[in-house]
Each structure stands twice: as structure tokens, then as C-alpha cells.
Amino acid sequence: MYQTKAFAKNSADGQFEVIQIGRLMTSDNDVEIEVKYCGVCHGDVEFSDNQLGNALYPSVPGHEISGVVTKVGKNVDNFSVGDRAGIGFMCDSCLECRSCKEGDEVGCKSGFIQTFNATPRYGRVSTSEGHTLGGFSGRISVHHRFAVRIPQGYPLPAAGPVLCAGVTMYNPLKRFGAASGGKRVGILGLGGVGQMGISLAAAMGNRVTAISTSASKEEAAKKMGANNFIVSTNDKSMKNASNSLDLILNTIPGVHDVMNYIPLLARKGTLVQLGAVPTQTVSVPQLSFVFNEISVAGSLIGCLQDTQECIDICAKYNIVPATELITWEQLNDVFNLLRNGNDRAVRYVLDLDKSLEKMSVGARVRMSMVI
């Protein structure tokens with residue numbers, strides 16, 4: 001194994017600290033990436049806080065990774081040293097089942113492996129800690145199939161969020177017919193995922209409605225491409241928009257009444273649930289669904305082909321998520337913001353170069369004091 005520094009939590013209520021981790025040496029089919037940036041997602045908070053009850057410690061979060069290829073295996077012909085590359089929510093799958101062979105790694109029969117907080121099963125992403133460790137680290141290696149090429153000219157700090165939030169929205173837009181435009185699309189929840197949804201849906205040629213509890217987000221939503229804005233806590237605003245949408249993508253990650261938004265759907269409309277709350281169930285008003293032929297569906301992330309398509313589209317249409325760079329000392333504060341509902345239209349991104357540089361400077365200062 002090779003060694004690299006990482007930023008980890010050792011318990012649900014712990015603070016971030018610096019640790020040394022080991023990763024498998026880069027194999028003949030792998031690419032090794034020097035991590036330059038890693039977006040901070042609400043999912044990082046959920047897993048490392050053990051909100052889902054399955055946290056593995058030490059927890060090194062991060063699945064919105066962007067960086068530069070520093071090593072390639074002898075069987076790799078789609079990447080070269082110096083290429084810009086990223087890794088999203090998945091870092092491995094069996095590669096042998098029907099779903100994997102058809103390019104649907106999300107549907108892997110034996111289960112795909114998350115980039116952090118998962119137990120490796122296929123012998124490719126083992127670590128010194130026995131479970132996957134994410135992008136809050138200096139280097140990472142994966143099978144070349146799970147690396148995504150970042151187009152030249154696309155801002156590297158913004159690329160990571162596209163590989164998670166972006167493809168999470170791209171997949172249902174494509175699946176439910178909005179990729180070719182002409183749909184009336186509602187984006188419910190305007191965090192990092194919702195912001196990407198607005199921009200992608202608008203670029204595809206759809207009429208986009210942003211839906212939020214916060215009226216303060218209207219200006220930002222319209223700058224991203226929204227045509228209309230609904231304040232979901234305002235009865236008049238909701239009533240005026242009834243039966244106006246063909247598709248609603250619900251990104252809200254917390255407990256809420258999903259059925260409150262069904263009246264916004266037009267006949268034969270679909271609400272797609274993206275924000276998952278393990279303890280929440282959905283009760284369906286059957287008559288309304290039957291007579292209006294309304295559907296409720298679910299969507300997780302996207303396969304690697306969808307992920308590549310998504311970042312290529314973002315590069316083509318200059319869709320760049322708003323980001324704010326942070327260093328590792330700010331991680332605890334940023335996680336607190338996300339726990340409490342981030343009201344800012346921005347994606348926080350960990351700057352690994354600056355974070356690791358600060359550590360080195362600190363080490364040199366401590367050494368000089370000892371001398």
C-alpha cells in the first residue's frame with residue numbers, strides 16, 4: 001500500500017483531524033489521482049455523523065473528487081499522466097454482472113462500492129482501515145472505468161460537484177424525457193443538487209420552476225436559469241402554480257410532506273424522489289393518482305456514462321456550480337452549516353493543495369520551535 005494524508009472523523013460527534021491512510025498500490029487497470037479539490041456534500045454529513053446507522057470509522061468523507069492523474073496502469077488506454085480526472089459517488093462494482101456489462105454500474109447485482117464508508121468486495125479499493133476512504137485525502141486510486149475525464153477549460157474546483165450533484169439531476173432529467181427539452185420542470189429544494197438541476201434543465205431547453213421554502217433564493221434561482229419561482233410555504237404561491245408542472249425533481253434531504261407538492265403536477269406528471277430520508281414513508285392519495293395518472297418515482301445517482309455525459313454538457317453550456325473554497329480547518333463549521341440547512345446558494349469545496357500545504361507549514365513551525 002502507499003501512504004497519503006487524509007482528514008477524518010473518528011466518531012459521530014467527533015471533530016476532523018489529520019490521519020495517515022494506506023491505499024492499494026495502483027494496479028495494471030487503475031489510475032492514481034492527486035486530489036486537488038473535493039466538494040462537500042450533505043451525504044458526507046449523513047454518513048460521517050452516522051445518521052443512517054452504518055458509519056465506518058475513521059470516516060474520511062468526500063465523493064466529489066477532482067484532480068490530476070499521476071500514474072496509470074499498463075492496461076489503461078483512456079487516461080494518461082497529466083490528464084484531469086474525477087471520481088464521484090461510486091469507486092467500484094463487480095464489472096461482471098449483466099448490469100455492469102451493459103454500463104449500469106448503479107444496478108450492479110452484487111452492489112456498487114461507494115467512494116467512502118463502504119466495505120470493498122472486489123479486491124480493488126482496499127485501504128489500511130478496511131473500508132473505503134474518500135476524497136478528503138491527498139491521493140486516491142480506482143479502476144480506470146470509475147474515473148471521469150474532466151474537459152479542458154472546465155474549472156477544476158467546480159468539477160467535483162458535477163460528478164455527484166450534477167449527475168444526480170442529469171439522470172432523472174434524461175430518464176423522464178427532459179433531455180430533449182420542452183418539459184415544464186420543477187426543482188424542489190435549492191441546495192447544491194437543486195442548483196445543478198435548474199441549470200441543467202434550463203440548458204436542455206425546458207421551462208424551469210424553482211420551488212423553495214425561502215423567498216430569498218428567488219434571485220439566485222433565476223440567475224441559474226429558472227423561469228418561475230414558488231415559495232412552498234406560501235399558500236397563494238402554491239395555489240397559483242397548481243397543475244403547472246410535467247416533472248418535479250425533489251431534492252429535499254430532510255423530513256417533509258412529499259404529498260404537499262403533488263397538486264403542482266399536471267395530468268400524467270411525475271414526481272421523482274431524490275432526497276432519501278430512511279425513517280419517512282409516503283402515503284399516496286389513490287383517487288388523485290388514478291384519475292390524473294400521476295406517478296411517483298425514485299432516482300439515486302447515475303452510471304459512469306451518464307456522469308461523463310453530464311460533465312461534458314456542463315462544459316459545453318458553461319454550467320459551473322457556484323463554489324466556495326475552504327481548507328480543512330473549516331470542515332467542522334461547514335458540516336454544522338449543512339446539518340442545520342445551508343441557506344446559501346453555494347457548494348463548499350475542500351482545497352487539498354492548500355490544506356496539505358498548511359499542514360506542512362505547521363509541521364515546519366513546530367519543528368523549528370523544538371530546535
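Predicted model: local features only at pLDDT ≥ 70, side-chain atom pairs only at ≥ 80, totals over all residues.
**Charged pairs and a buried aspartate**

Residues are numbered from 1 along each chain as its sequence is written, and side-chain values use heavy atoms, leaving out hydrogens and water.

So who does Asp28 pair up with? Asp28 makes a salt bridge with Lys74, their closest N and O atoms being 3.9 Å apart; the term means a side-chain nitrogen of Lys or Arg within 4 Å of a carboxyl oxygen of Asp or Glu. Asp28 sits in the loop between β2 and β3 and Lys74 in the loop between β4 and β5, so the pair ties together parts 46 residues apart in sequence. Lys74 itself is exposed, at 69% relative accessibility.

Now hop over to Glu218 and Lys222, whose salt bridge has its closest N and O atoms 3.0 Å apart. Both lie in helix α5, 4 residues apart, or about one turn of the helix. Helices here are DSSP runs of H or I with at least four residues, strands are runs of E with at least two, and both are numbered from the N terminus.

Back to strand β3, where you'll find Asp30. Asp30 is buried yet has no salt bridge, and the nearest side chain of opposite charge, Arg124, is 6.3 Å away.

How values were computed. Buried < 20%, exposed > 50% of the residue type's maximum accessible area, 1.4 Å probe, protein only. Lys, Arg positive; Asp, Glu negative; His and termini not counted.
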